[in-house]
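Thanks for coming. I will go through one model today, starting with single residues and ending with a pair of helices.

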Amino acid sequence: MEIVIANNSHSVYAETICETILQAAQVRGTGIAERKPEYVISKMEQGNAVIALDGEKFVGFCYIEAWSHGKFVANSGLIVHPNYRGKGIAKQIKKKVFEHSRTKFPNAKVFSITTGLAVMKLNSELGYKPVTFSELTEDQSFWNGCQTCKNFDVLKRTQQKMCLCTGMLYDPNSSDSKQKTNRNQLDQTSENSQLNYRVKEKVFKRLKSIKQTLFLKKDKK
């Protein structure tokens with residue numbers, strides 16, 4: 001298996017990528033913004049995507065979006081084909097696209113909004129911190145992309161201040177981020193690190209539970 005920067009030659013996988021993202025959203029019952037093959041292809045042509053392949057078989061994908069004139073960057077659409085899940089491939093893809101983002105946009109803040117606990121844990125390992133939505137990009141075109149998400153009504157009625165997603169941010173200028181420039185620290189396996197991630201997992205689960213209770217109760221009224 002190889003994980004590479006996608007280009008125009010990988011456009012043949014665009015439809016499969018979109019179908020895999022859609023199926024994952026339906027299975028998990030979570031909100032994932034829908035993307036069209038044309039959009040995925042544009043990311044490949046711009047060199048703003050990472051694809052994982054097993055020979056000619058599609059394995060996984062993730063792409064980069066730049067907002068607010070390059071001040072913010074998001075790694076979006078992370079997906080792994082069902083046949084390859086549970087093998088740590090998502091982590092490898094996430095690390096690859098994060099490093100690519102830092103290379104192409106070295107001064108940009110890298111952010112993510114997600115309802116997925118696994119993605120939150122990966123972000124945390126890379127140095128992301130949970131933040132309020134007000135600390136993310138104000139570029140309306142980004143938030144408009146959430147319209148295809150089933151939870152968009154929550155985002156809309158809170159005036160884009162919060163949703164079931166959790167906002168996470170990597171700031172290259174923060175002291176914590178500067179201390180993590182050594183790539184070896186991304187793969188820490190010490191007992192202390194594992195304990196730290198378990199603790200964060202509990203925090204993320206509690207945060208997600210609170211949001212679901214807060215917003216879904218309103219929907220039932």
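Let me begin with Val12, which counts as exposed because its relative accessibility is 64%. For the whole talk, buried means under 20% relative accessible area, exposed means over 50%, and partly exposed is in between, with a 1.4 Å probe and protein chains only. Val12 sits in the loop between strand E1 (2-5) and helix H1 (14-28).

Some conditions before I go on. This is a predicted model, in which local features need pLDDT of at least 70 and side-chain atom pairs count only at pLDDT 80 or more, while totals for chains, interfaces and linings use all residues. Residues are numbered from 1 along each chain as its sequence is written, and side-chain values use heavy atoms, with hydrogens and water left out.

Now the overall picture. The protein has eight helices and seven strands; these are DSSP runs numbered from the N terminus, helices being H or I with at least four residues and strands E with at least two. Of its 221 residues, 43% count as buried. Taking contacts with a separation of 6 or more, 70% are between residues 24 or more positions apart, where contact means heavy atoms within 4.5 Å.

Asn83 is in the loop between E4 and H3, and with a relative accessible area of 57% it is exposed. Asn83 and Val59 are 24 residues apart in sequence, and their C-alpha atoms are 8.0 Å apart.

On to backbone angles. Most residues other than glycine have a negative phi. Which residues have a positive phi without being a glycine? Ser68 is one, at about 50 degrees, and Gln160 is another, with phi near 65 degrees. Ser68 is in the loop between strand E3 (57-67) and strand E4 (72-80), and it counts as buried because its relative accessibility is 16%. Gln160 lies in the loop between helix H6 (152-157) and strand E7 (166-170); its relative accessible area of 26% makes it partly exposed.

Helix H2, residues 37-45, is next. Its buried residues are Val40, Lys43 and Met44. They cover an arc of only 100 degrees around the axis, so they are on the same side of H2; the arc is that of the directions from the helix axis to the C-beta atoms. On the other side of H2, Glu38 and Glu45 are exposed. Just after H2 comes Gly47, with a positive phi of about 75 degrees.

Last, the helix pair. How do H3 and H4 pack? Helix H3 (residues 89-104) and helix H4 (residues 117-126) pack at about 45 degrees, with axes 10 Å apart. The axes are lines fitted to C-alpha atoms, for helices over the stretch in contact, and angles run from 0 to 180 degrees between N-to-C directions. That angle makes H3 oblique to H4: under 35 degrees would be roughly parallel, over 145 roughly antiparallel, 65 to 115 roughly perpendicular, and the rest is oblique.

From H3, the contact is made by Ala90, Lys91, Lys94, Lys95 and Phe98, and from H4 by Val119, Leu122, Asn123, Glu125 and Leu126. By class, the contact of H3 with H4 has five nonpolar, one polar and four charged residues. Nonpolar covers Ala, Val, Leu, Ile, Met, Phe, Trp, Tyr, Cys and Pro, charged covers Asp, Glu, Lys and Arg, and the others, Gly among them, are polar.
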